[in-house]
Amino acid sequence: MSSSARSAAGFRRLWSDLQDLGRDPGTGGYRRFAWSAEDAALREWFAGAVAARGLDLVVDRNGNQWAWWGDPDAAAAAGRPGVVVGSHLDSVPDGGAFDGPLGVVSALVAVEMLRESGFTPQRPIGVVNMVDEEGARFGVACAGSRLLTGVLHPDRARGLTDADGLSMATAMRSAGQDPSHLGRDSETLARIGAFVELHIEQGRLLADAEKDTPVAVGSDIWPHGRWRFDVPGEANHAGTTRLEDREDAMLGFAAAVIAARRSAKAHGCVATVGKVAVTPGGVNAIPSAVSGWLDARGADADAVRRVVAEVEEVTGEFGGRLAEESWTPTTAFDPSLVRRLATRLGGVPVIGTGAGHDAGIFANAGLRTAMLFVRNPTGVSHSPAEWATEADCAAGIDALHEVLLDLAGGVA
Ligand code: HGY
Ligand code: MN
Ligand code: MN
């Protein structure tokens, strides 16, 4: 059976396990939030898939699941830290099937193919399921990798709350993960000699490429961040309060959203306000407060900061305030690793992205990191419409297989 046929068959087997897990039958999108029941089912699935492939499962102090082929501690002590592949299984609200899971499934299939071929790695190979990459429930993206690398303080993480006011600490405890040990984990980090995350492309560079190219290597991630802005108002009756007597928080919120779009366009960035909370939230009650969450990104960090400053200024004009919730600086993956992967894969394109990833957090923590992107025919992501062809997913697995042969086959 050809490599592509084997990777396609392996992909189909694992992919079918996940299709209905955490899927909303109404929208067709996925609601797989950190430390939820859906997340528990996904973690159990991962543990089963790992055991079936003879890998050793370790859960780190932040809840990230690591499946090892070989002894990562002995190898790290001998100066040969492991090669890790994988991604995340959680989603945004009504997210697509591929963002995250494609990287985890591809890693499991690539390792399965290596083991079946009788390959003996010279370095341990790890497959990881990173917890809470999307930050959909508690608001901080890449929470698992930010905690692991020490850029998210454990006390802040434990206190983050979801829409129901439940803290991350409580949610973790309910899921059987002790939150008291959250924090930087040097032992886990020491096991990682290189991390290569495969991900569906969240854009159309490959789809629009002249040459038929299912796979690319990632070079960098745009600077991006999340800011919460709160606009105050005065609750009052929608029907009996004269317009001139109103303090309507929604007007300030709307002005901030318009300012975000206008400023992003002016500064060559992108800005999104996809989440809003209105108090009290009654159709016939003038809002006493409106909270919004701004996602701003761009190739130039100063330009992104200018967009945020303009939104903060407008929010201030309505008596509101804005606060940063997370920031990821311009992130360059390891140039020598990027070149090595692109060459090994026959000169595939090297492309940047505006999407954040755990690989970016690891790169900024000084780990040797790169990404592989699999063609997305529509470029659509964070939507039930996200998809990739089976042939391209198989090509991604073959590429990851090749990368592991290279990085774990000898001196990585
Ligand atoms: O938001 C992002 O860029 C990523 O999908 N977490
Ligand atoms: Mn995503
Ligand atoms: Mn992702």
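Start by selecting Trp-327, which sits in strand β12; strands here are DSSP runs of E with at least two residues, helices are runs of H or I with at least four residues, and both are numbered from the N terminus. The model is predicted, so local features need pLDDT of at least 70 and side-chain atom pairs count only at pLDDT 80 or more, while totals for chains, interfaces and linings use all residues. Residues are numbered from 1 along each chain as its sequence is written, chains are lettered from A and ligands numbered from 1 in the order in which they are written, and side-chain values use heavy atoms, with hydrogens and water left out.

Keep Trp-327 selected and show its contacts (heavy atoms within 4.5 Å). Leaving aside residues up to four places away in sequence, Trp-327 touches Arg-146, Pro-223, His-224, Gly-225, Trp-227, Ala-301, Val-304 and Arg-305.

Next, select the four strands of the open sheet, ordered β9-β11-β7-β12 with antiparallel pairing; two strands pair if DSSP finds at least two bridges between them. Its edges are β9 (269-279) and β12 (321-328), each of which pairs on one side only. Neighbouring strands are turned by 15 degrees against each other on average, direction ignored. Such angles are taken between N-to-C directions, from 0 to 180 degrees, with axes as lines fitted to C-alpha atoms, for helices over the stretch in contact.

Asp-230 is placed opposite Ser-291 in β11.

Helix α9 (residues 249-267) lies across β7, β9 and β11, at about 170 degrees to β9. Helix α10 (residues 301-317) also packs on the sheet, touching β7, β9, β11 and β12, and makes about 160 degrees with the direction of β12.

**Two backbone details**

Go to Pro-280, in the loop between β9 and β10 (285-286). The peptide bond from Thr-279 to Pro-280 is cis, with omega about 5 degrees. Then move to Asp-132, in the loop between β4 (125-130) and α5 (143-149). Asp-132 is not a glycine, but its phi is positive, near 50 degrees.

**Ligand 1**

Finally, select ligand 1 and the residues with a heavy atom within 4 Å of it: Asp-99, Glu-133, Glu-134, Gln-202, Arg-297, Ala-355, Gly-356 and His-382.

Display its polar contacts (N or O pairs within 3.5 Å):

- Arg-297: a polar side-chain atom is 2.6 Å from a ligand oxygen.
- Glu-134: a side-chain N or O atom is 3.0 Å from a ligand nitrogen.
- His-382: a side-chain N or O atom is 3.0 Å from a ligand oxygen.

The protein covers 94% of the 210 Å² of accessible area (Shrake-Rupley, 1.4 Å probe) that ligand 1 has on its own.

Definitions and conventions. A polar contact is a pair of N or O atoms within 3.5 Å; within protein, one must be able to donate a hydrogen and the other to accept it, and residues adjacent in sequence count only if both atoms are side-chain atoms.
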